[in-house]
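Thanks for coming. I will show one model and then go through a few of its computed features.

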Amino acid sequence: ADKASLKALRQSGAQHYHASPVCKNFTKAKRISTADPNDLAIAQSVARDIREVKPPTVSIENVPRYRDTALFKLITKELDDAGYNWDVSIVNAADYGGAQTRERMILRAVRKDIGELPALPQKTHAFSETGIGADWYTALKDLIDAEVAVPIRQAFARAPDEIARIRKMFAKKEGDPLRLVPNEPIITMGGSASRGVPSARNA
């Protein structure tokens, strides 16, 4: 957010500007007056860069809830004032082959004197329709050291609730998206913010 970064951006001649602003305090960011000072400084610097440099194209990535913050509205106001065509989409990484169901808000903007926004890329895996994403085990298996494996009871000695959740997921009916198959690789966070929300999945 400092002046040196603005100077560097001007000198770069960049044809595209991308930002992923930090915003950890979504509820507080509903109003500028209650936003976290660091979150506000970053949002203001993104708005400043758009206003003063007017790069040909802009993209902004964040969690979906960022769209509802005053910080995001501060940025989009600059896009409007600076003469951009822009849109916002919520996309899932699994729809494009990512080995995780990670939703993100993506803003895309093009200066009006340059042209219209292109269409979004076609989904390559269509997780949203099929419920089947990329296989994380295939992506990670060369990083897993089988020699350091430990029994599940030992691994989750401090998270017995997760073992109980996993057992319940084994018992779910076939076709249930939360059903786990016991003899296939399972990834788990080892815990969950809610006892009723599982955080384990087969590959």
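Lys-54 sits in the loop between H2 and S2. Its phi is positive, about 50°, although Lys-54 is not a glycine. For background, most residues other than glycine have a negative phi.

A word on conventions. This is a predicted model, where local features need pLDDT of at least 70 and side-chain atom pairs count only at pLDDT 80 or more, while totals for chains, interfaces and linings use all residues. Residues are numbered from 1 along each chain as its sequence is written, and side-chain values use heavy atoms, with hydrogens and water left out.

Now the overall picture. The protein has 7 helices and 6 strands, taken as DSSP runs numbered from the N terminus (helices: H or I, at least four residues; strands: E, at least two). Their order along the sequence is α-β-α-β-α-β-β-α-α-α-α-β-β. The radius of gyration is 22 Å, whereas a compact globule of 203 residues would have one near 17 Å; that radius is taken over C-alpha atoms, and the globule rule is 2.2 Å times the number of residues to the power 0.38. Along the principal axes, the C-alpha atoms fill a box of roughly 60 × 35 × 30 Å. Of the 203 residues, 31% are buried.

Next, helix H3, residues 70–81. Its 12 residues should span 16 Å at 1.5 Å a residue, and the end C-alpha atoms are 16 Å apart, so the two agree; the expected span is 1.5 Å times one less than the number of residues. Which residues of H3 are buried? They are Ala-70, Leu-71, Phe-72, Ile-75, Thr-76, Glu-78 and Leu-79. These buried residues pack against helix H2 (37–53) and strands S2 (57–62), S3 (84–92) and S4 (103–111), where contact means heavy atoms within 4.5 Å. After H3 comes Gly-83, with a positive phi near 85°.

Last, a residue in helix H2: Ser-45. Ser-45 counts as buried because its relative accessibility is 9%. Neighbours within four places in sequence aside, Ser-45 is in contact with Ala-1 and Tyr-17.

That is the end of my part.

How values were computed: Buried means under 20% relative accessible area, exposed over 50%, partly exposed in between (1.4 Å probe, protein chains only).
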